[in-house]
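Open the model in your viewer and keep the selection tool at hand. The tour goes from one selection to the next.

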Amino acid sequence: MNFGLGMPNLAESAVRIMCMVHISGESAQTFILQVSDLDLEEFNGFPRKSSFIPSSKLTQRIAAQLSKPFMFDYTGGHVNDIRAAAEVSDTVVNIVRGILDFFQVTVKTTQRIYELKEVGIHGTCNSHYTIEGNMRTQDMNITRVLDLNDCREKAVMHKGMATAVVDKVSKQRGESIISTMRYVYTVKPTAEGGLITRAHGLERQYFSPFNVKGGSFKMEAMKEMVLLDVKDAAGAVTSGPMESKGNLIFKFNDSDINVPITMQNLTDPVPKAVELIKRLAVANNYQVDTATTEDTIKLYQLLRMVPSEGLDAMWKQFAGNEEQRRWFLDMITEIADGKIIKFLQKRFQDGDVSANEAVQTLVVSVDHLQATPELLEMVKMFLHMPFSKSNIYVWNTVVLTYGSLVYKHCAYYTPCPVTSVQPLLDMAKEALKNHNEADMVIALKALGNAGHPGSIKTIMSFLPGVAANPVDLPPRVLSAAVQSMRLIATRDPHSVQETTMSVFLQKDLPAELRMLAIMILLDTNPSVSLVSIVTEHLLEENDLNVISFAYHYFKSIAMSSTPDNQFLSTTCNVAVKILGHKFGHLRYYNSKAMRMDWFNDEYLIGTATEVFMLRSTTNIFPTEIMMKGKFYFAARILQLLELGIRGEGIKELFRANIPALKGDLSYTDFEAIWNVLQNWELLPEDKPVITAYLRASGQEWFLADINKELIRTIVTATSSSAGKKSFVWTAIENLTAESGFSWHWTKPFLVIEARYLQATTLGFPLEISKYYHVLNAITVNAKAKINPPITDHLEQLLISEVTLESDGFIGFTKDFWVFYGINTELLQSGSEFKSKIQISIPWKVVAKMNAAKKKFELDFPPCKKEIELFSIRSDVYAVSRNIEEPNAALITPIIPIVVASTNTESQEISVQNIWHPKTKLCHESSIYGVGICVEAELRRQYFHEEYPLYYFLGYTYMALKIVPGQAINPVDKIHFEVSTGPNGHPTSVFQLLKTLRKLSKEATQQLNPSSDLGSSERGSQQEGWESAPQPVFNIKAFAMSGKQVPEGYDAAMYYTPEANIHRAELIVSQVGEDTNWKMCVDTTLNANTREKVDAHMRWGAECQSYDMSMEAAGTSHLPGAKLTLSTKVHWTRVSERIKELGRRIESYIPGMAFLLGFYQEQKNNTKQEVSASFVAASADSFDVKIKLPEYMVYRQGFPLPLPSCFQEFQHNNINTTLEVFGQA
């Protein structure tokens, strides 16, 4: 059995078994099989360069079981009940099944070509037979081909994919797995029937994470049997007690324990797991130790072997150690069977875990649990435990996780019994009866997680106009009721369509409810006729929010390219054409639904992002905002994170128009909103201010309400008059204590464990699995000094200087594996992709804050050692592991590592077809003594030109590092300082970006006083300073070294409004001895036209060496005029580096323009100038013209890459934007 890529010079792995098989008859229909002379060999290396290696220890272990007799029934060419000794493992029985599968053949002498449904090792599959006679030998040659895509009771197993919906249309565009199976028999006719003298089986499978047409991994399983001898009499066989092992169909066993990416001795797991937890806790006690992250997989495997009493013993050992306790609770979530449920039930009964620990452990444990009927009953018990109701977040988690488990249960057990969801139905009915809003919401959200079609009638009882009895429920209950049908939409689309249409057609219902109904309706993939009905009713609709929501959702779906919307996009396109004439110019402040997606047929991968904003006509504040994403891969749709925010009580503050609100993001806008929020005491007491939820993989896990009491607590504790009872005061006391404040947190999390297992003709299970593990870590140490100390109230901080010393770490390591090969408890052989992404941000800083002086300072120590901020490493390996030598695994990179050779000819052979670039780019600052480096190394095969899969296969390394540099002077610390001037607030936030004014040479010199100036010089300078304009803000970045002059840069921004001109200037100066480098940026905006911005930038010695100007203009204020945007860059003198960069960019423009459909025209344009103009040609296209000194590229009707809602926003908002610029 061989695994590889099927290309030359690429490493492969393989397993080969040779043995003698002896079959004797016990009766006319019962036979005994015995295996002898077993020899198992492993291959790991390069074809024609490496050879098979005998695995003697593993051979002995397997032979000890295979030598035992196996009994089976054989009638009419079909193998039935297989029996063996009780101690024979399922893995060995499966190997025997692979041998007996040869004898599963139906011969028809009256037909040459026929097909049958037959039971085999792969399941009950369709077999195609052809029979040819050999005239010379009188033998029959029988060819049997299995259609492995047409099987009942197929021997396959899916794990970890319940929430990933199958996308049938994507499978029509391409497959990620293709399998073939062929048997060839030579049958010699005899008086008793036929005798198989030779049999050959060949199974091939092609697998790609993408589309197999773009290159694939290859599995080839070949088996051959040759008849050596036939005897009339056989010796007596002592069989002993036997038990039935089932029929010929492959049986899976212990798949949870057999983790494919590691192999270890699992005997006596408790002490091994205890030691590993202690080691991981120590290794990651300050920052992530990337060398240990893979040990977490070994720990998961060990914990799955620990019995229930072992978990209790480990809890007692770890409960008193905060670090080890956290690691233990985080790791046991991956046990994934009844042991973890029993353990958590014990913790809930004893109440010896915190609410936070209970929530985190329960969520992950149930999410990764196998949803069997037995485990569903065990999880149901949490609904009745007192601890579950002791905390609102624990209760919400218990209810939501049960609903999620019901969903997964129904994914594997169909039809799904209504009894599984009955507790949630009872909860919803009881809450409706008692009119308990909180209970109704959580019950409906749990029903939404369950997605059980049997809950549709209960959900309907919450919807006005649909319920049998009249209901009058709060808006958030109605919202939860409609959204609870989101997963039923794919399981029972007809019922959901009927319900949502009933809601939508009732115009007297709240607009929010009707918009949500449209959203859920489109999740059902409605027919053309149903969308047409919605379209016709929208033409008569009066509510602009409903119209806007539906129209923009239709428009977004009409442009969709994902397979699941293949037919719906056409339907929505027609609806947009019907509605566009009447509603194509709705303003941006109406409700919106937006979708952006892409899908690549070559890779069968895509993503989609949807954003929904629901508004009402009576409130400027959105009622609800939802954002969600989807990932398309391997013919499945995985729903990523979904975030929803619902403004309940806060809408009460914004019901009326805000007089001072102009909508231009100016200071007055923020001030107006802040003034409204100051009235938070007017918020209602009986409803949450804001409600937020979080969903992952389509399942809601988190629900939180921010109520008025919480706001009151925060406002009281953080107000300037807060005293010693405030939690902020307590935090300050902890910071200013002698020991300071310390906090450390780690979170290991197995995000994905997705596995697909199937039988092979040899009796080994073939596995395709994906593992994605994340280890997060945060460490914070801090100590503060306050001078003068605060004594009574927090407002004293405003007149004190606060010094904060801190060090710590924040970062994570993400490990990702894809395994393709054999995986049993005895051996592993296959191909393995392994990737590690690391982000590490350590810090050590001293911060000073002085609110009275409007100054903020940061001091960093000099860089003394290399720090790897970001790195990614990945490679693909041929792997071979066996349980007899778990620490001697064979792991070979698929693409060989090129080794230099003095032999020219051999070197040419060794590097053939291999691309191996290495890059290292560094930039060092001689001022600060620090540098930044980007490193990259790739190793690829040139086959990627033909097969896209090969773009990703091979060694990859990329890193971003901070490195020590050679400084001009020794650096003691790097000092940053930010201070603001006495100017009041700017008119709008755009002033800091668009209004800069130039300073005179004298003012520039005054910004950088040398540290060794005498007192008289400082005095005269001060006189000049008092007459100079004051900066809006000032930023300093210095390298400090004892008493030497600071080296670095000083930046100041000035703003001075004038009558008809808005002007501002930024000046950056280099500080130090013998330097006069400066950069001056001057921008102006005409206050009358408000449509043109000019910027003039000069830099070099005293801002005189180089010169460049920029201009941007827009026009659209005239009636009927087209939106026009134009930009121009003109340079007088620029540096050689900028010229070279410009030449490089210019060299790419003709080719890129051609690919984008632009035309090119040779033309002598203005020298040393580049300009571009964009004129709106339609609602979704522009005429583009770009002029360079020697040619011009242009295109008419260039489509915008933005969704229509963005285009409309820009179109409707352009005047407002220009007015804002005008206020700068």
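Is T824 buried or exposed? T824 counts as buried because its relative accessibility is 3%; buried means under 20% relative accessible area, exposed over 50%, and partly exposed in between, with a 1.4 Å probe and protein chains only. This is a predicted model, in which local features need pLDDT of at least 70 and side-chain atom pairs count only at pLDDT 80 or more, while totals for chains, interfaces and linings use all residues. Residues are numbered from 1 along each chain as its sequence is written, and side-chain values use heavy atoms, leaving out hydrogens and water.

Stay on T824, in the loop between strand 24 (801-823) and strand 25 (827-850); strands (E, at least two residues) and helices (H or I, at least four) are DSSP runs numbered from the N terminus. Show its contacts (heavy atoms within 4.5 Å): not counting residues up to four places away in sequence, T824 touches T91, N258, M263, F764 and P765.

Next, select F328. Together with F554, F328 touches the most other members of the largest nonpolar core, which has 135 residues. Such a core is a set of buried Ala, Val, Leu, Ile, Met, Phe, Trp, Tyr and Cys residues joined through side-chain atoms within 4.5 Å. Helix 18 (residues 511-523) gives the most to this core, 10 residues. A second, separate core has 79 residues, including L5, A221, V876 and L953.

Back at F328, display I277, L311, M314, W315, F318 and F343, which F328 touches when residues up to four places away in sequence are not counted.

Last, select L643 in strand 19. L643 counts as partly exposed because its relative accessibility is 34%.
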